[in-house]
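These entries record what I looked up in the structure shown below. I took the strands, the helices and the aromatic rings in turn.

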Amino acid sequence: MLQHTGLFQIDSVNVLARAHYLPAYSRLGPYDRDLLARMSFRKGELFEYWGHEAALLPFDLHPLLRWRMKRAESGIGTWRHVAQLSRDRPGYIEEVFAEVAARGPVSAGQVADDTARSTENWGWNWSPSKTALEFLFWCGRITTASRVNFERRYDLTERVLPQHVLDVPTPDDHAAHRELLMLAARSHGVGTVADLADYFRLSNPEARPRIAELVEDGRLVQVAVEGWRDPAYLIPGTKIPRKVDGSALLVPFDPLIWERDRTERLFGFRYRIEIYVPEHKREHGYYVLPFLLGDRLVARVDLKSDRAAGALRVQAAYAEPDAPQQTAEALARELRMMADWLQLEDVVIGSRGDLAERLRRG
């Protein structure tokens, strides 16, 4: 599955489960989450860096992302306040790096205790030491050695990644971009320039000439997709299945649906994450998962793990206008399976949404 998607996106929201655990569940069904933990960081085969967003990535991608690390050192492609600190206080950043070298792996709080030099705020209430650590992380000089209660423990990259990964030659930027776009094409099946570029956060102007080169080399084929305004691209020989019998709850950070415009083009399903929307303005709920049935997104549910009560709470459930008759029954099975995977005893259906009553009856 990791070979197919190329990454697991990380997010701090834990209202249901950590985001990086859920795409594998959507594709594989119940699996041992410890397996992913064992694959990660120092003793595994995944490292943490900026892919689509913060992500767990296979070691093979490290050379393909060094261009991003190189740009970060000059302040390109990082958050404004991170770049500002690198300009304003380069000596301080080197002090933080030396602290990690001497004491790592360390948390931001542990470094702050010894090396904080200012009471300034550097965005999102980050201390200067946390901002310095994030700058060094973006540059690839330090990386995540582990996470404890989701908090990063930073260490020198050469003490975390295997030497054989560090020894791989660094490709030039264009070659790296071509390989990232090929991975995006394999994962997508079919996508426009904007779709493929977004997968690893390349800009469209960066991606467009690289995709043209891949077409010229025969590694991609340009096609037209009915109803799409822009041309699309796929790998030669891609097979189109006659029938799709999928059934899965999809997390907001799943590669299938994270590019919302593509989701709407593929499924006719307008989807927005409403975590940061004030409660009274939310249309469907706080943490809403689309429900895939067959080859269509047919419903959406607002889910929460109530760990204290041992319940998976379905706070709202909505059917799409053309949802098939069996939607409630199929969704009920998926909710029960997810509750079991999360080790929650009950599935509690709330009252909001036009599908809620049918779920309770089912």
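**Entry 1: strand E2 and its sheet**

I began with strand E2 (residues 46-50), which is mostly covered, with 5 of its 5 residues buried. Buried here means under 20% relative accessible area, exposed over 50%, and partly exposed in between, with a 1.4 Å probe and protein chains only. Helices (H or I, at least four residues) and strands (E, at least two) are DSSP runs, numbered from the N terminus.

I note for the record that this is a predicted model, in which local features need pLDDT of at least 70 and side-chain atom pairs count only at pLDDT 80 or more, while totals for chains, interfaces and linings use all residues. Residues are numbered from 1 along each chain as its sequence is written, and side-chain values use heavy atoms, with hydrogens and water left out.

I then looked up the partner of E2: strand E3 (residues 54-58) pairs with E2 in the antiparallel sense over 5 bridges. Two strands pair if DSSP finds at least two bridges between them. A hairpin of 3 residues joins E2 to E3, and Trp 50 stands opposite Ala 54 in E3.

The sheet is open and has 3 strands in the order E1-E3-E2, with antiparallel pairing. Strand E1 (8-9) and E2 are at the edges with a single partner strand each, so one side of each is left without a neighbour in the sheet. E1 and E3 run antiparallel and are joined by 2 bridges; Phe 8 has Leu 56 in E3 as its bridge partner.

Is Ser 40 buried or exposed? I find it buried, with a relative accessible area of 9%. Ser 40 lies in the loop between helix H3 (33-39) and E2. Residues up to four places away in sequence aside, Ser 40 touches Leu 46 and Leu 56, where contact means heavy atoms within 4.5 Å.

Pro 58 is found in strand E3 and counts as buried at 15% relative accessibility. With the exclusion of residues up to four places away in sequence, Pro 58 touches Leu 2, Gly 6, Glu 45, Leu 46 and Phe 47.

**Entry 2: aromatic pairs**

How many aromatic pairs does the structure hold? I find 7 aromatic pairs. Rings of Phe, Tyr and Trp (its six-membered ring) pair if their centres lie within 6.5 Å; planes under 30 degrees apart count as stacked, over 60 as edge-to-face and the rest as tilted.

The rings of Trp 50 and Trp 138 have centres 4.8 Å apart and planes at 20°, so this pair is stacked. Trp 50 is in strand E2 and Trp 138 in helix H8 (residues 128-138), and the pair links distant parts of the chain, 88 residues apart. Both Trp 50 and Trp 138 are buried.

Tyr 199 and Trp 258 form a tilted pair, at 5.1 Å centre to centre and 55° between the planes. Tyr 199 lies in helix H12 (residues 193-199) and Trp 258 in the loop between E8 and helix H14 (260-267), so the pair ties together parts 59 residues apart in sequence. Tyr 199 and Trp 258 are both buried. I also recorded one aromatic cluster, formed by Tyr 25, Tyr 31 and Trp 341.

**Entry 3: the sheet E8 to E12**

This open sheet has 5 strands in the order E8-E9-E10-E11-E12, with mixed pairing. Strand E8 (246-249) and strand E12 (346-352) stand at the edges, each with a single partner strand, so one side of each has no neighbour in the sheet. Strand E10 (residues 296-306) and strand E11 (residues 311-319) pair in the antiparallel sense over 8 bridges, and Arg 300 has Tyr 318 in E11 as its bridge partner.

**Entry 4: helices H11 and H13**

The axes of helix H11 (residues 173-188) and helix H13 (residues 204-216) come within 9 Å and cross at roughly 75°. Axes are lines fitted to C-alpha atoms, for helices over the stretch in contact, and angles run from 0 to 180 degrees between N-to-C directions. H11 is therefore roughly perpendicular to H13; angles under 35 degrees count as roughly parallel, over 145 as roughly antiparallel, 65 to 115 as roughly perpendicular and the rest as oblique. Residues in this contact include His 174 and Leu 181 of H11 and Arg 210 and Leu 214 of H13.
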